[in-house]
Amino acid sequence: MNEQIRAREVRLVGPEGEQVGIVPLERALQLAADVDLDLVEVAPMARPPVCKLMDFGKFKYESALKAREARRNQQQTVIKEMKLRPKIDPHDYETKKGHVVRFLKAGDKVKVTIMFRGREQSRPELGYRLLRRLESEISELGYVEAAPKQDGRNMIMVLAPHRATKAAATAAKAGGPRERDAETAEDGETVEAPSVAPEVEPAGTAGE
């Protein structure tokens, strides 16, 4: 920038983006001084390097604002995990479903895992039926992003919030500071809510 530029001549671009042409460095510095702007090298690898007349302080400030806004608008994807047994107790199922509903309302994805043990592994239809039931009961809030799939002794399905659900969650978070309260599972285990994405958070297992 300015006197730090070492090239003998530069391809000069005016403050409004107009092409001035190739000029000696001294001439470019004089033009910058005449309009009280900085001479900034924007393409140092070009031959000759490209320089632009600009208010560098204002440029840095606006760039920082844009970067901050981009980070604020960046969608952070958090994946929660909910584990169930194929023969889960009705009360435990409702509690687990409540957690899934809460996660979806918060705009998070949910990885639902059915864990088979012993002879249960020969009855995969029990897990499939349970996942389909959960899918139908949360259909107003989310949809199946990854269909049920057998993975060793487990069966996994991924739920994602509908666009409207996620938008509502984003708007709610924008209205105030992100809640950092711990989320407590029904078995008494306390899990800290993650603030970055992606991240998988266990929520306890029924029947253990």
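**Figure 1. Contacts and surface of the protein chain.** Among contacts in the protein chain with a separation of 6 or more, 57% join residues 24 or more positions apart. The model shown is predicted. The secondary structure of the protein chain consists of 5 helices and 11 strands. Of its 208 residues, 34% count as buried. The protein chain exposes about 12,900 Å², and 50% of this area is supplied by carbon and sulfur atoms.

Figure 2. The strands are arranged in the order 2-1-4-3, and their pairing is mixed. Strand 2 (19-24) and strand 3 (38-43) form the edges, each pairing on one side only. From one strand to the next, the twist averages 35°.

**Figure 3. Close-up of the pairing between strand 3 and strand 4.** Strand 4 comprises residues 50-54 and pairs with strand 3 in the antiparallel sense. The pairing of these two strands extends over 5 bridges. Within this view, Val40 stands opposite Lys52, a residue of strand 4. Strand 3, which covers residues 38-43, is an edge strand of the sheet.

Figure 4. Helix 1 is formed by residues 25-34. This helix lies across strand 1 (9-13), strand 2, strand 3 and strand 4. Relative to strand 2, helix 1 runs at about 125°. Strand 2, an edge strand of the sheet, spans residues 19-24.

Terms used. Residues are numbered from 1 along each chain as its sequence is written. This is a predicted model: local features need pLDDT of at least 70, side-chain atom pairs count only at pLDDT 80 or more; totals for chains, interfaces and linings use all residues. Side-chain values use heavy atoms; hydrogens and water are left out. Two strands pair if DSSP finds at least two bridges between them. Helices (H or I, at least four residues) and strands (E, at least two) are DSSP runs, numbered from the N terminus. Axes are lines fitted to C-alpha atoms, for helices over the stretch in contact, and angles run from 0 to 180 degrees between N-to-C directions. Contact means heavy atoms within 4.5 Å. Buried means under 20% relative accessible area, exposed over 50%, partly exposed in between (1.4 Å probe, protein chains only). Accessible areas come from the Shrake-Rupley method with a 1.4 Å probe; for residues, only the protein chains shown count as cover.
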